[in-house]
Amino acid sequence: MKIAIIGTGDITQKAYFPLLRTMEHVEIASVTSRTQASVDKAQKRWQIPSGFTGVQDVIKSKPDAAMVLNATVAHFQTAKALLENGIDVYIEKPATVSSAETLALAELAQAQGLVLMVGFNRRYADFYVQARELIPLSEIMQITLEKHRRNASHLNLYSQYLDDTIHQIDLLRSFDPDPVPLQTLTTMREGRLRSAVSLLRLSNGGLATIHSCLDSGAWQEKVSIHGGKKSLHVNGFRDLTYIDDNGIRLFGPERPGKWKSELVERGFYAEVRHFMDCVQTRAKPKTDGFEAYKTQLLVEQLSQLAGEPLEYHEFIRDGK
């Protein structure tokens, strides 16, 4: 399968290039970036035969599918052009800068009979898959999802939720597709978002909270679930603790002996393999455009509860 890669940023270099190089029957046929220098560098490092600086050249090269990994603000126009020309598309989250644009892409893909998948890797990560199996929605009374970073402030909540906390919002939707947003509180300092907490009601009557602190001591990601006389804690991608009447079970210490790569643990391998399978079988992806639309709609609702306009600003690091 010949894959066109559009975008050469950090996530492409850290995840997608090395992952695709390990997959049998998959060829990175071309790479596209805004500058020729970036194209040349990627071609040389990853031994990619073709390089372009425009999406029309990608279309002319007729790949079997394309992965849109460029800047978020460019996702909509890039994916739209590809879909209009009959090319299956994978987009790194968020799909676009608004739920309306994402819905338009989903409807276009459906009308064209094409595969459109959005990359929400947490849904495919081992411990989160296991967590959904151990405690079903009917038993969940409380679920807390946390993601904390250091030196990662944003100009507003919507931008931060769309760029980063969208992973936790989408992960919540993998446990309960239709939670009801109730409240969002934020802390702003010196014109930057520093922390946020959102409260939601689960469809079974339980409660969910989403926590994000951008001034923490280190990167942290956690999920805690309680209900049905069970408790479950996922510490990032590293371990899972499950507690019920039979005692405590810990999953994860055996990781080094399994020789499992970080890209497998984080769900990247499973989600990309799922996309490739959908392209071949024409099946509907688990995280298709319509699912991405629903997640982005929830992002917008939670942001509006904080009294903020839905204005997207690209991420800026402190001191820059």
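**View 1. Helix 5 and the elements that cover it.** Helix 5 spans residues 99-112, 14 residues in total, and reaches 20 Å from its first C-alpha to its last, close to the 20 Å expected at 1.5 Å a residue. The expected span is 1.5 Å times one less than the number of residues in the helix. Helices (H or I, at least four residues) and strands (E, at least two) are DSSP runs, numbered from the N terminus. The model is predicted: local features need pLDDT of at least 70 and side-chain atom pairs count only at pLDDT 80 or more, while totals for chains, interfaces and linings use all residues. Residues are numbered from 1 along each chain as its sequence is written, and side-chain values use heavy atoms, with hydrogens and water left out.

View 2. S99, T102, L105, A106 and A109 of helix 5 are buried; buried means under 20% relative accessible area, exposed over 50%, and partly exposed in between (1.4 Å probe, protein chains only). Seen down the axis of helix 5, the buried residues fall within an arc of 120°, so they line one face of the helix. The arc is that of the directions from the helix axis to the C-beta atoms. A100 and A111 are exposed and sit on the face turned away from the buried side. The cover over the buried residues includes helix 4 (72-84), strand 5 (88-92), strand 6 (116-119) and helix 11 (289-305). After helix 5 comes G113, with a positive phi near 70°.

View 3. Two strands pair if DSSP finds at least two bridges between them. Strand 13 (residues 239-244) is antiparallel to strand 14, with five bridges, and L240 stands opposite F251 of strand 14.

**View 4. Strand 7 and its neighbours.** Five of the seven residues of strand 7 (residues 142-148) are buried, so the strand is largely enclosed by the rest of the structure. Strand 11 (residues 220-227) runs antiparallel to strand 7 and is joined to it by seven bridges; S224 of strand 11 is the bridge partner of T144. With strand 10 (residues 207-213), strand 7 pairs in the parallel sense over five bridges, and Q142 stands opposite L207 of strand 10.

View 5. Most residues other than glycine have a negative phi, and most peptide bonds are trans. K93 and P94 are joined by a cis peptide bond, with omega about -15°; P94 is in the loop between strand 5 and helix 5. K62, although not a glycine, has a positive phi of about 55°. K62 is found in the loop between helix 3 (55-61) and strand 4 (65-68) and counts as exposed at 68% relative accessibility. R282 is likewise not a glycine and has a positive phi of about 65°. R282 lies in the loop between helix 10 (268-281) and helix 11, and is partly exposed, with a relative accessible area of 42%.

Key:
Contact = heavy atoms within 4.5 Å.
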